[in-house]
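Please read these points with the sequence and the model open beside you.

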Amino acid sequence: SVPGTKVELTVSCRNLLDMDTFSKSDPVVVLFVQGSGSSEWKEFGRTEVIDNTLNPDFVRKFVLDYYFEEKQNLRFDVYNVDSKSCSILKQDFLGQAFVALGEVIGSQRGRLERALTGVPGKRCGTILLLAEELSNCRDIVTMQLCANKLDKKDFFGKSDPFLVFYRSNEDGTFTICHKTEVVKNTLNPVWQPFTIPVRALCNGDYDRTVKIDVYDWDRDGSHDFIGEFATSYRELSRAQSQFTVYEVLNPRKKCKKKKYVNSGTVTLLSFSVESEFTFVDYIRGGTQLNFTVAIDFTASNGMPSHPTSLHYASPYQLSAYALALKAVGEIIQDYDSDKLFPAYGFGAKIPPDGKISHQFPLNNNMDNPSCAGIEGVLESYLQSLRTVQLYGPTNFAPVINQVAGTAAQVTDGSQYHVLLIITDGVISDMLQTKEAIVTASALPMSIIIVGVGPAEFEAMEELDGDEVRVSSRGRYAERDIVQFVPFRDYVDDSGNQVLSMARLAKDVLAEIPEQLLSYMKTRDIKPRRADP
């Protein structure tokens with residue numbers, strides 16, 4: 001069916017179970033969807049975690065394609081995030097709710113409240129869902145604000161102010177759409193510039209009210225209200241030519257005190273708008289994607305002749321590596337322009353003299369390491385397994401630097417490189433790899449790491465940089481360019497069947513469009529017009 005309307009879901013919860021002994025729960029909501037025609041639940045996304053609250057209003061939204069003709073079942077699981085573990089199964093379960101997207105859209109004013117269930121003998125509170133159809137406005141706004149002489153709220157020291165932005169809905173209620181960072185111990189904060197889609201700010205309606213609350217942050221989650229002011233997109237956009245100063249008012253104080261003037265002022269320092277281009281705009285405009293494959297040939301994988309080895313292939317089934325390469329390769333080869341894949345191995349002793357190499361061409365051709373299609377890569381991989389000796393150490397940096405060298409040759413946006421590393425995750429050169437990633441983050445390239453085997457992939461999660469941006473010797477990666485995918489999450493218990501190619505495809509490629517866009521945007525490269 002044709003992609004229908006895009007619908008944005010905003011999530012809040014009320015009266016959640018309290019799991020933490022010394023503080024309140026730290027909730028996160030995970031949304032699962034059912035594929036069309038299948039009963040299997042797949043994770044669609046997660047909200048951010050909000051510390052210390054039983055009544056969270058989440059800022060991160062879920063944007064879904066709404067198909068009028070399909071029943072789109074949704075499942076919301078609420079967890080208390082306790083540990084630093086990425087695995088949701090290790091967290092406290094606070095309850096769940098099942099709803100169909102059509103129910104939310106069809107309910108009065110697009111609002112639905114459902115009881116959370118699933119914790120025996122406990123009242124789990126409720127989940128509130130708000131659906132709004134997104135306009136097709138593709139503009140993006142960047143703005144910066146500062147404040148002066150805010151009210152002092154902390155007994156010791158000054159306030160720790162942050163701003164919360166809300167857009168108004170058709171029925172006069174408000175939906176949270178942005179939170180700034182907290183600036184500590186000051187009554188005259190200057191917040192970092194931030195970027196927000198015009199859709200999120202006013203859903204494309206320039207005269208809709210935008211309400212902004214000023215709060216003083218408190219560690220225990222009971223942030224103190226300093227005051228508020230209202231504006232609109234149209235009013236904000238006038239700041240392109242002049243500073244706009246808003247009075248911050250606290251209605252309670254205004255009623256009580258005759259002499260009350262305000263609780264400080266907020267100044268809009270800058271405001272700019274640009275049109276947002278999509279990944280598809282660049283591909284249509286001729287940007288070529290080039291995939292390079294690198295495979296881990298270190299001894300930690302086990303001897304290839306041994307059934308327990310991750311490189312072991314029997315007549316009846318592919319090795320763990322071959323299966324991962326085939327599955328992920330089939331997904332990416334649709335996007336590769338010439339279907340020629342440079343393919344390397346690392347961590348083996350190679351003939352004739354048994355030198356250790358961290359970037360040997362799988363096809364044994366130094367001058368042209370490209371293989372024709374994923375089938376070609378598979379053939380060369382099997383050929384290499386027969387001729388090299390698995391060894392070590394496991395060094396990622398050489399092959400990252402090699403692709404970075406190629407990427408650095410053309411930086412005008414016409415070429416974008418993706419390095420696919422397939423590994424058991426035991427890495428020896430973490431420091432050098434971080435350095436290589438930080439350098440590569442300024443180039444038109446991304447890295448996908450597929451982990452095979454049963455390891456705890458902590459080092460790989462760290463390189464992924466979703467939680468904490470990768471850094472090396474005080475330099476931070478300019479953009480997040482690494483996506484890590486543990487392959488075992490996508491295969492059945494026998495290890496020889498991919499459960500859902502669609503889900504694997506989505507997760508492998510999930511971050512590439514954003515990463516490509518972030519490169520183009522920071523370099524101010526616009527898509528070339530596609531010839532009609």
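1. An open sheet has four strands in the order S3-S2-S5-S6, and the pairing is antiparallel. Helices (H or I, at least four residues) and strands (E, at least two) are DSSP runs, numbered from the N terminus. Two strands pair if DSSP finds at least two bridges between them. Strand S3 (41-46) and strand S6 (92-100) are at the edges with a single partner strand each, so one side of each has no neighbour in the sheet. On average, neighbouring strands of this sheet are turned by 25° against each other, direction ignored. For such angles, axes are lines fitted to C-alpha atoms (for helices over the stretch in contact), and angles run from 0 to 180 degrees between N-to-C directions.

2. A word on the basis of these notes: the model is predicted, so local features need pLDDT of at least 70 and side-chain atom pairs count only at pLDDT 80 or more, while totals for chains, interfaces and linings use all residues. Residues are numbered from 1 along each chain as its sequence is written, and side-chain values use heavy atoms, with hydrogens and water left out.

3. Within that sheet, strand S5 (residues 73-80) pairs with S6 in the antiparallel sense over eight bridges. Asn80 has Asp92 in S6 as its bridge partner.

4. Another open sheet of four strands has the order S11-S10-S13-S14, with antiparallel pairing. Which strands stand at its edges? They are S11 and strand S14 (224-232), each with a single partner strand, so one side of each is without a neighbour in the sheet. Strand S10 (residues 161-168) and S11 run antiparallel and are joined by five bridges. Arg167 has Thr175 in S11 as its bridge partner.

5. The second largest pocket has a volume of about 940 Å³. On a 1 Å grid over the protein atoms alone, a pocket is an open set of points with protein on both sides within 12 Å along at least five of seven lines, and lining residues have an atom within 4 Å of a point. Grid points are joined across faces, edges and corners, and a volume is the space filled by probe spheres set on the points.

6. This second largest pocket is lined by 36 residues; Ile50, Pro56, Asp57, Ile176 and Lys179 lie nearest its centre. Strand S1 (5-14), strand S7 (111-115), strand S8 (126-133), S10 and S11 each give two or more residues to the lining. At least three lining residues come from each of domain 1 (5-133) and domain 2 (139-275), with bounds from an automatic or database domain assignment.

7. Two peptide bonds are worth checking. The bond from Pro351 to Pro352 is cis, with omega near 0°, and Pro352 lies in the loop between strand S19 (348-350) and strand S20 (355-357). The bond from Gly392 to Pro393 is also cis, with omega near -5°; Pro393 is in the loop between strand S23 (389-390) and helix H8 (397-407).

8. Asn364 is not a glycine, yet its phi is positive, near 65°. Asn364 lies in the loop between strand S21 (360-361) and strand S22 (370-372). Is Asn364 buried or exposed? Asn364 is exposed, with a relative accessible area of 71% (buried means under 20%, exposed over 50%, partly exposed in between, with a 1.4 Å probe and protein chains only).

Technical notes. On a 1 Å grid over the protein atoms alone, a cavity is a set of points where a 1.4 Å probe fits but cannot get out, and a pocket is an open set with protein on both sides within 12 Å along at least five of seven lines; lining residues have an atom within 4 Å of a point.
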